[in-house]
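Hi everyone, thanks for making time.

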Amino acid sequence: MTQCSEIEVLLGPFADGELEPHQMREVARHLAQCGNCESALSDYEAAGRVLRESSPQPSLDNFTAAVMARLPLRSPIRARVREYLGSFNERLVAAMALASASLAIGAFTALLFEPYARDIVQRSRWATPAAAIAQAKAETPKAEPASLARNSHAVISRLESEVPSVAVWSEPRDDTTVIWVPDVP
């Protein structure tokens, strides 16, 4: 059997119907056996009645009409389409301005770094051995001097190249390749 101190806490929510079903049954069983808790429940119910009577109830006559009158009227379809197209136009202008600025920055960057890019491209021709050999073959004269053809042990005293860092000379008949790297002072 439950004690009155446990039930007294539940009498207010019981009167308002806010308890779980199993709690409602437990409180109802206790109230059937306990007169003190039953009189306390009647006090809660009387206090609830007094509170409900003391607070004025608002009139609900024409409530829906009053709420609808306060809502803004929906604008006609023409006005909504015009508003959408106006905002679309603003976004289009902003996008065009951004694209123009990007192109201007890109053009300025290209003009600024063009000499450096040419230098990098020029150096990249010698980046791989195959490219260096192909470049050297293209730059070597087709007709060899007779003294060089007869003497395969000839020493190259000077090679000239556009890129002074490396020069490659290849002799396809003897399968000989000479790579010249200048001394660093």
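Before anything else, helices here are DSSP runs of H or I with at least four residues, strands are runs of E with at least two, and both are numbered from the N terminus. Keep in mind that this is a predicted model, where local features need pLDDT of at least 70 and side-chain atom pairs count only at pLDDT 80 or more, while totals for chains, interfaces and linings use all residues. Residues are numbered from 1 along each chain as its sequence is written, and side-chain values use heavy atoms, with hydrogens and water left out.

Okay, the overview. We have seven helices and two strands, and along the sequence they run α-α-α-α-α-α-α-β-β. Of the 185 residues, 11% count as buried; buried is under 20% relative accessible area, exposed is over 50%, and partly exposed is in between, with a 1.4 Å probe and protein chains only.

Now find helix α5, residues 77-124, which is where Ile77 sits. Is Ile77 buried or exposed? Ile77 counts as exposed because its relative accessibility is 56%. Ile77 also belongs to a nonpolar surface patch with Val81, Tyr84, Leu85, Phe88, Leu92 and Met96, and together they have about 720 Å² of accessible area. Areas come from the Shrake-Rupley method with a 1.4 Å probe, and for residues only the protein chains shown count as cover.

Next, go to the loop between α3 (35-54) and α4 (63-70), where you'll find Asn62. Asn62 isn't a glycine, yet it has a positive phi of about 55°. Most residues other than glycine have a negative phi. With a relative accessible area of 62%, Asn62 is exposed.

Last stop is Glu38, over in helix α3. Why is Glu38 called partly exposed? Because its relative accessible area is 48%. Glu38 and Val27 are eleven residues apart along the chain, and their C-alpha atoms are separated by 10.0 Å.

Terms used. Patch = residues over 30% accessible without salt bridge, like charges linked within 9 Å, V, L, I, M, F, W, Y side chains within 5 Å. Salt bridge = Lys/Arg side-chain N within 4 Å of Asp/Glu carboxyl O.
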